Amino acid sequence: MTEDMHNGNLYLPMDKAILKEQEAAQELLYDFNQTRPGDHEGRQRLLKKMFAEIGEDTYIEPPLHSNFGGKHLHFGSHIYANYNLTAVDDTHIYVGDHTMFGPNVTLASATHPVLPELREKEYQYNLPIKIGRNCWLGAGVIVLPGVTIGDNSVIGAGSVVTKDIPANVVAIGTPCHVMREINEHDRQYYHQQREIDWSKIK
């Protein structure tokens, strides 16, 4: 039954073995969310126990919400997640180095069939999410099951990402669509007409 969680097949998530595994993972998540702001070592120790993979200097601001307590989360190094990251990690979610999440971002790998008879029987299926290196997902972004976001791309606040987004673009909207490529203008200006002073960039 548990292998069906990770191969896209329909399965019953209320299976006793799955629920037992999920509850154990959520115990660690509960502990993480109760840590004090200054307990940096305690937080990092818990994250290493919770996550499938987590790199160096990755910082996640509690509260974190995660169906499997991070058990199926693969995070690289130097990732920052603001308050209320929700990772519906019923299957694997991959995030590359240096990616940033604004507050209230949702990564939802789990979904349900449209057919009412199957939903009534509580069937579910999961599709992995892959977010590239050095991406920025603004506040309130929702990423749906099976989506891949390419390296360096920016997803505007409040967007709902229903399909793959290529690398090196700015994408916005509901449903999310590519607005433009990252370009030379972005190398000169960081916000509207505010110029980047490269002499001050370390």
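1. His72 is buried, with a relative accessible area of 5%; buried here means under 20% relative accessible area, exposed over 50%, and partly exposed in between, with a 1.4 Å probe and protein chains only. The residue lies in the loop between β3 (65–66) and β4 (73–75). Helices (H or I, at least four residues) and strands (E, at least two) are DSSP runs, numbered from the N terminus. This is a predicted model, in which local features need pLDDT of at least 70 and side-chain atom pairs count only at pLDDT 80 or more, while totals for chains, interfaces and linings use all residues. Residues are numbered from 1 along each chain as its sequence is written, and side-chain values use heavy atoms, with hydrogens and water left out.

2. What does the side chain of His72 reach? It comes to 2.7 Å from the backbone oxygen of Asp89. Leaving aside residues up to four places away in sequence, His72 touches Met5, His6, Glu21, Ala52, Asp89, Asp90, Thr91, His92 and Ile93, where contact means heavy atoms within 4.5 Å.

3. Helix α1 (residues 16–33) has 18 residues. From its first C-alpha to its last it reaches 25 Å, close to the 26 Å expected at 1.5 Å a residue; the expected span is 1.5 Å times one less than the number of residues. At the start of α1, a side-chain oxygen of Asp15 reaches to within 3.1 Å of the backbone nitrogen of Ala17. A polar contact is a pair of N or O atoms within 3.5 Å; within protein, one must be able to donate a hydrogen and the other to accept it, and residues adjacent in sequence count only if both atoms are side-chain atoms.

4. Which residues of α1 are buried? They are Ile18, Gln22, Ala25, Leu29 and Phe32. Seen down the axis of α1, the buried residues fall within an arc of 75°, so they line one face of the helix; the arc is that of the directions from the helix axis to the C-beta atoms. An α-helix has 3.6 residues a turn, so residues three or four places apart point the same way. Lys16, Lys20, Glu23 and Tyr30 are exposed on the other side of α1. The cover over the buried residues of α1 includes α2, β2 (59–60) and β3.

5. In α2, the buried residues are Gly42, Arg43, Leu46, Leu47 and Met50. They cover an arc of only 130° around the axis, which puts them on the same side of α2. Exposed on the other side of α2 are Glu41, Arg45, Lys48 and Lys49. Covering the buried residues of α2 are elements including α1, β1 and β2.

6. A search of the whole structure finds three aromatic pairs. The rings of Phe51 and Phe75 have centres 5.2 Å apart and planes at 90°, so this pair is edge-to-face. Rings of Phe, Tyr and Trp (its six-membered ring) pair if their centres lie within 6.5 Å; planes under 30 degrees apart count as stacked, over 60 as edge-to-face and the rest as tilted. Phe51 lies in the loop between α2 (40–50) and β1 (53–54) and Phe75 in strand β4, so the pair ties together parts that are 24 residues apart in sequence. Both Phe51 and Phe75 are buried. Phe51, Phe75 and Phe101 form one aromatic cluster.

7. An open sheet of seven strands runs in the order β2-β5-β8-β13-β16-β18-β19, with mixed pairing. Its edge strands are β2 and β19 (177–181), each of which pairs on one side only. Two strands pair if DSSP finds at least two bridges between them. Strands β16 (residues 154–155) and β18 (residues 169–172) run parallel and are joined by two bridges. Ile155 stands opposite Ala171 in β18.

8. A cis peptide bond joins Pro62 and Pro63, with omega about 5°; Pro63 is found in the loop between β2 and β3. The bond from Thr174 to Pro175 is also cis, with omega near 0°, and Pro175 is in the loop between β18 and β19.

9. His98 is not a glycine, yet has a positive phi of about 65°. It lies in the loop between β7 (93–95) and β8 (100–101) and is partly exposed, at a relative accessible area of 33%. Asn134, also not a glycine, has a positive phi of about 60°. Asn134 is in the loop between β12 (129–131) and β13 (136–137) and is partly exposed, at 37% relative accessible area.
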